[in-house]
Amino acid sequence: MYKNIYLKKGKDESLRRFHPWVFSGAISHADDGLEEGDIVRVIAANGEFMALGHFQIGSIAVRVLSFDDIEIDDTYWCGRLSSALEMRRSIGIADNPDNDTFRLVHGEGDNLPGLVIDCYGKTAVMQAHSVGMHLSRNTIAKCLVDVMGGRIENVFYKSETTLPFKAGLGQENGFIIGGSNDNVAVENGLRFHVDWLKGQKTGFFVDQRENRLLLERYARNRNVLNMFCYTGGFSFYAMRGHAKSVDSVDSSAKAVELTDANVALNFPGDARHHAYCEDAFKFLDSAGGKYDLVILDPPAFAKHRAALHNALKGYTRLNAKALERIKPGGILFTFSCSQVVTKDNFRNAVFTAAAVAKRNVRILHQLHQPADHPVNIYHPEGEYLKGLVLYVE
């Protein structure tokens, strides 16, 4: 059966509040022979069973799979995946013919810490962030295909860059079930290529779906600048929203190429769109006052708490440049996907940027991740995406 990890006295309070992490500093000792990725039973100082979870080396020592003393087997995995699918069905995301793109599993938000699964048409892209999830990947993939009942035929495993480096697993990305060259998916009636082999995250930023729809409403007759465009999601939504012109900018030539391909899928030969491979700050320096709708959706400026101070300075500098150059009456969509940056942190950085730019700014919307990226109420750290829509006088 599973080995035990024993907590120090008084270190069980967070588990009694159903927080899904056990930190290494809370552990007194463990049974002999414990290896990274093992399923362990967490025992309080008084001998009481607290949780089952994956053991890992690092500050987060255990990611909780269950607060009940059960067997982690096929029934467990299929049950968790069924629960995740039922939630997406209940909110109308999983059964929409105009949308075959959604997140099925969002880590702690679906009580599966260390696991992400995004669905793109007939292909699911699975990503492990812990050794324990990696070791269970084949069982999870099989349960996934069974639970999805024909919706998913291919499972692409993309964990090369997300697994702990020191674990030395030598994992390479690739299909573990099926295989497909059809990388076109549909989101809200728009088609796009998914680069699940070499793209960021699982190949597309599913978490901006609702925010892209909102942008479409504001795009009519505007000159749009999509900074950090990646695969051009905001760009082709702006074009469907009857934007006057759309410029997409990214420092990656591959991203610019993919943006052009995605725009061509939906608006072939449309002269309103231009893509540029250039540094964001340099492009903004030379942008002048052409744009009256700007999107700032940069990659995470802070991946850990030690980088928070510099990240906030970066957000302030970036937003100040955009606010200085946007036309009067313009609208700015600005985001942070850094988990360690709180909503208040981000809002204060943008507030400072507005003061630096000497512009009158009003908040129209406060944005966040969509419903298929749920936040476990016992794990507030799961709320990572922050966004503001600003009206700039």
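The legends below describe close-up views of a predicted model.

View 1. Strands (DSSP runs of E, at least two residues, numbered from the N terminus) form an open sheet in the order β7-β8-β9-β10-β11, with mixed pairing. Because β7 (101-106) and β11 (174-177) stand at the edges with a single partner strand each, one side of each has no neighbour in the sheet. From one strand to the next, the twist averages 25°. Two strands count as paired if DSSP finds at least two bridges between them.

**View 2. Strands β7 and β8 with helix α2.** β7 and β8 (residues 115-120) run antiparallel and are joined by five bridges. Within this pair, His-106 stands opposite Val-116 in β8. Helix α2 (residues 74-90) lies across β7 and β8 and runs at about 140° to β7. Helices are DSSP runs of H or I of at least four residues; axes are lines fitted to C-alpha atoms, for helices over the stretch in contact (heavy atoms within 4.5 Å), and angles run from 0 to 180 degrees between N-to-C directions.

**View 3. The surroundings of Ser-180.** Ser-180 is found in the loop between β11 and β12 (184-187). Neighbours within four places in sequence aside, Ser-180 is in contact with Thr-123, Asn-154, Phe-175 and Trp-196. A polar atom of the Ser-180 side chain lies 3.0 Å from the backbone nitrogen of Asp-182. Glu-153, 27 residues from Ser-180 in sequence, is 8.9 Å away in space, C-alpha to C-alpha.

**Notes.** Residues are numbered from 1 along each chain as its sequence is written, and side-chain values use heavy atoms, with hydrogens and water left out. Local features need pLDDT of at least 70 and side-chain atom pairs count only at pLDDT 80 or more, whereas totals for chains, interfaces and linings use all residues.

Conventions
Polar contact = N/O pair within 3.5 Å; in protein donor to acceptor, adjacent residues only side chain to side chain.
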